[in-house]
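Trainee: Hi, could you walk me through this one? I'd like to start with the ligand and then see where we end up.

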Amino acid sequence: MSDSPYVSTTNACKLCTPLGAALAFRGVEGAIPFLHGSQGCATYMRRYIISHFREPMDIASSALGEKQAVFGGGPNLKKGILNVMSKYGATVVGVASTCLTETIGDDVPRLLAEFRKEFADLPLPEIVSVSTPSYSGTHMEGWHAATAALASQLVREKLPAERRINLLPGFVSPADLRYFKEILADYGVSATVLPDISETMDRPALLDYEKLPAGGTKLADIRAMSAALGTIACGRAEHTAESAGANLERRFGVKNIRVGIPIGIRETDAFFDALEELSGSPMPEKYASERGKLVDAYVDGHKYLAGKRAIVYGEEDMVIAMVAFLAEIGVKPILAATGAKCRNFKQALAEVTADLLPEPPEAREGVDFHDIAEQASELAPDLLVGHSKGYRYAKDMGVPLVRVGFPIHDRFGGQRLLHVGYRGTQALFDLLVNTILERKQEDSAVGYGYL
Amino acid sequence: MEEAIFEERRDQIHRTGEGPFALACNRDSLAGAVSQRACVFCGSRVVLYPIADALHLVHGPIGCAVYTWDIRGALSSGPQLHRLSFSTDLQEKDVIFGGEKKLKAALLELIARYKPNAAFVYATCIVGIIGDDVGAVCRDVAATTGIPVIPVQSEGFKGNKREGYAAACKAMFRLAGTGDTAGISPVSVNILGDFNLAGEIWIIREYFRRMGVEVVANITGDGRVADIQRCHGAALNVVQCSGSTMELAQMMQERFGTPFLRVSYLGIEDMADSLYAVADHFKDRDPGIVERTQDLVREELANLLPKLKQYRKDLEGKKVAVYVGGAFKAFSLIKAFRHLGMKVVLVGSQTGTKEDYEELAAICDPGTVIVDDSNPLELSKYVKELDVDLFVGGVKERPIAHKLGVGFCDHNHERKEALEGFVGMLNFAKEVHASATSPIWRFVPRREAMAKANATTVARRAAGGEGL
Ligand code: SF4
Ligand code: SF4
């Protein structure tokens with residue numbers, strides 16, 4: 001249950017389920033995200049996503065009106081899919097339900113089966129569907145559920161084994177994904193990164209408006225997931241639904257290794273260990289060197305950070321990863337908060353801080369910013385770590401905010417923010433130290449020019 | 001050829017000068033067409049949101065509230081309650097057993113915490129489906145707390161933004177006429193349909209002050225519940241943007257006999273005309289008002305026009321696409337661009353009416369494309385085809401323009417620059433100029449390709465080749 005003592009929600013620290021699904025679908029080549037519901041939801045989510053990525057985000061909607069809400073949205077769903085086929089030339093349509101269509105009881109899988117039969121004479125796209133009512137879950141459930149739907153609905157048969165690795169990266173930035181792909185390439189393995197928004201949500205300026213942005217996981221690579229040596233699934237938070245990795249393991253015996261989002265040395269080591277285990281290759285020198293430099297930076301910077309108290313908030317996997325990182329550099333995470341609820345939040349926080357902190361940070365789930373702020377006033381933090389929505393609270397508390405994750409819509413370049421691996425950790429470490437230095441400088445009457 | 005256009009939408013697009021004017025509008029958005037439109041709830045939220053001392057509680061699952069958290073630039077000179085995002089965050093069991101109990105508890109909790117002067121409860125899609133009696137809960141809570149608690153019937157699927165405006169007007173109309181009107185000047189107005197984006201209503205209020213007009217209520221920018229309660233004491237309603245608060249003005253005319261004037265504060269003529277119209281309305285009651293208004297306009301223009309001229313030099317002949325929420329704003333924009341020497345070649349809105357579009361067609365240059373309820377495919381098609389230099393729209397249109405290497409100017413509710421009034425015209429010109437003349441455009445692939453094509457032609461001509 002929620003850790004909030006209140007009935008009402010004030011400034012939520014979460015987003016709704018279909019948003020996560022729409023973004024995940026955006027990470028598949030030739031796919032168009034399609035929300036089965038009324039028009040407003042899709043438009044609001046587009047707006048929200050655009051303000052972070054500063055990229056076009058076309059989400060189709062079945063645009064249900066009053067009549068359809070009463071008599072069922074089937075006809076609009078079918079017509080909508082035909083429309084995105086003809087105008088967008090989508091090869092994959094990712095259908096996510098909304099609160100409305102879940103409540104009126106539209107049976108989307110059945111409607112889609114009907115659709116496939118009715119229009120069997122047309123070259124139909126792959127249609128993947130996922131159930132995403134926001135009254136049970138957050139955008140992260142939506143992301144993971146859509147990823148699982150892609151794996152369970154598109155990977156249909158066991159393909160002959162290949163030197164291939166599946167990576168389920170979790171909800172990380174395009175910059176993170178590009179780095180992940182670089183690592184996989186350096187290990188000399190073929191890879192399926194699912195989903196992959198590294199190109200679709202961070203595009204160059206072009207001659208033309210792309211109906212479907214180039215990039216994204218290729219359909220063939222998704223199908224080949226059954227041929228992989230194993231799956232590395234990033235993100236420690238456990239949700240109830242079967243994950244993509246678990247699904248592939250159950251159906252095709254593809255070994256599934258769960259690690260955290262690799263931020264910080266220990267979590268990144270675990271990620272590289274998994275890679276080494278599956279690929280049978282040792283860590284390339286390049287990464288050993290990145291790791292060594294990161295350790296060196298830790299040493300050079302530790303005194304600036306020693307004993308600083310941080311409040312971390314946001315989506316659960318990112319919070320757990322940031323806590324793991326902060327704990328190992330001597331920053332004390334005093335509160336880890338998320339608007340979501342998952343089965344193992346507290347336990348995961350305890351695991352990643354074990355033997356680093358005398359006790360894990362206080363963990364709170366299902367809370368909003370009102371709850372977080374209320375508690376923060378007693379905690380006297382030195383900084384906040386999380387997405388943009390905490391800005392006003394940080395300002396009120398008079399402490400700096402270190403922006404990570406999504407959404408970052410009061411700064412430029414959220415899509416280029418690197419969090420993961422030794423390189424991402426290095427970037428975050430520098431950012432943290434510099435944030436502290438800047439504050440020190442601002443607070444100093446002398447205004448030291450050497451720090 | 002025109003593969004970007006959906007067959008079903010052909011009659012929602014018109015090119016002026018090509019055949020008699022007929023444009024279909026006010027239709028449901030086409031499924032699968034990626035409309036730029038939002039929903040009924042969005043319309044209500046836009047209008048009511050700036051009432052700063054009211055509690056705005058969104059009754060539904062979390063999304064609707066979270067996506068509207070402080071996204072607008074409506075400023076308040078006092079309370080900031082409107083900038084928080086309140087929701088009942090309905091969970092599965094509420095959906096099954098009904099959300100009334102949760103709504104009531106949430107309202108009581110929030111009213112006790114924030115002591116607002118009124119509360120608005122927005123019904124979202126799902127509330128319409130599960131059938132919560134929002135009205136009954138509101139009555140109940142109003143009786144316990146002693147403040148007005150007003151349901152806003154804004155279930156998203158019951159139409160588009162326009163219906164949301166109507167729902168908002170109905171909600172506000174329940175406040176109007178409930179306050180004391182003693183001491184209100186006979187030369188007084190309510191400002192309707194301005195949302196105080198980036199402090200714009202303060203500019204307009206200052207003009208009215210200089211004219212000697214009392215402003216009773218801001219509806220709704222920098223709005224206060226008590227002012228709206230006594231707004232029926234004002235002698236005149238000035239209504240900006242016909243889309244959003246026209247209905248309130250009409251209801252007030254019927255019930256209280258308050259006359260109204262349609263105005264616009266965008267651009268030079270529209271701003272001046274609006275002030276003159278108000279002065280004209282009061283000239284019998286206050287004979288000096290016309291002269292004071294003339295002085296005001298003269299002063300402002302003397303300051304503005306020379307500055308505009310400088311910008312115009314660089315902007316002359318550039319082409320603009322305008323795609324906005326309400327059509328009314330588009331009129332003013334077309335005129336404003338003429339002052340900058342620029343030409344609007346595409347104009348459209350999410351929610352225009354037949355009359356709006358007819359009027360638009362009448363003031364547009366021949367060949368202008370007019371669109372209703374458009375989408376990224378159409379908009380990008382026309383941006384290329386018409387070779388637009390600048391796009392005016394909202395957040396969702398920005399990446400369309402930017403991807404095609406076209407300048408963009410934010411003219412919706414999220415803008416952080418005041419664009420109204422004479423000073424707003426200057427800000428607008430500055431922004432347009434800054435974008436349209438930036439050196440960055442030469443690096444954009446489309447411009448590079450065009451420059452290359454040009455260079456080849458020039459070279460060919462110089463060599464005495466074809467094309468001479
Ligand atoms: S109805 Fe559900 S899906 Fe739509 S915006 Fe609200 S929470 Fe999100
Ligand atoms: S369409 Fe309905 S559920 Fe979606 S944002 Fe609008 S009110 Fe909320």
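**Around the ligand**

Mentor: Happy to. Ligand 1 is surrounded by Cys16, Pro18, Cys41, Met45, Thr98, Cys99 and Ser134 of chain A, along with Pro61, Gly63, Cys64 and Tyr67 of chain B. Keep in mind that this is a predicted model.

Trainee: Why is the site shared between chains?

Mentor: Because the residues that surround ligand 1 come from chains A and B.

Trainee: And which helices each supply at least two residues of that shell?

Mentor: Helix H2 (39-53) of chain A does, together with helix H2 (62-66) of chain B.

Trainee: How do the shell residues divide by class?

Mentor: Around ligand 1 there are eight nonpolar and three polar residues, and no charged ones.

Trainee: New topic, helix packing. At what angle do H8 and H11 of chain A pack?

Mentor: About 35°, and the axes of H8(A) (residues 174-186) and H11(A) (residues 265-279) are 11 Å apart. H8(A) passes H11(A) in a right-handed crossing.

Trainee: Which residues meet there?

Mentor: From H8(A), Phe180(A), Ile183(A) and Leu184(A) meet Phe271(A), Phe272(A) and Leu275(A) of H11(A). By class, that contact has six nonpolar residues, with no polar and no charged ones.

Trainee: Back to cysteines. How many disulfides are there over all chains?

Mentor: Zero, from a search of the whole structure.

Trainee: What about Cys39(B), buried or exposed?

Mentor: Cys39(B) counts as buried, because its relative accessibility is 7% and the cut-off for buried is under 20%.

Trainee: And Cys169(B), buried or exposed?

Mentor: Cys169(B) also counts as buried, at 0% relative accessibility.

Technical notes
Residues are numbered from 1 along each chain as its sequence is written. Chains are lettered from A and ligands numbered from 1 in the order in which they are written. This is a predicted model: local features need pLDDT of at least 70, side-chain atom pairs count only at pLDDT 80 or more; totals for chains, interfaces and linings use all residues. Side-chain values use heavy atoms; hydrogens and water are left out. A residue is near a molecule or strand if one of its heavy atoms lies within 4 Å of it. Helices (H or I, at least four residues) and strands (E, at least two) are DSSP runs, numbered from the N terminus. Ala, Val, Leu, Ile, Met, Phe, Trp, Tyr, Cys and Pro count as nonpolar, Asp, Glu, Lys and Arg as charged, and the others, Gly among them, as polar. Axes are lines fitted to C-alpha atoms, for helices over the stretch in contact, and angles run from 0 to 180 degrees between N-to-C directions. A crossing is left-handed if the near helix is turned anticlockwise from the far one by less than a right angle, and right-handed if clockwise. Contact means heavy atoms within 4.5 Å. A disulfide is a pair of cysteine sulfur atoms within 2.5 Å. Buried means under 20% relative accessible area, exposed over 50%, partly exposed in between (1.4 Å probe, protein chains only).
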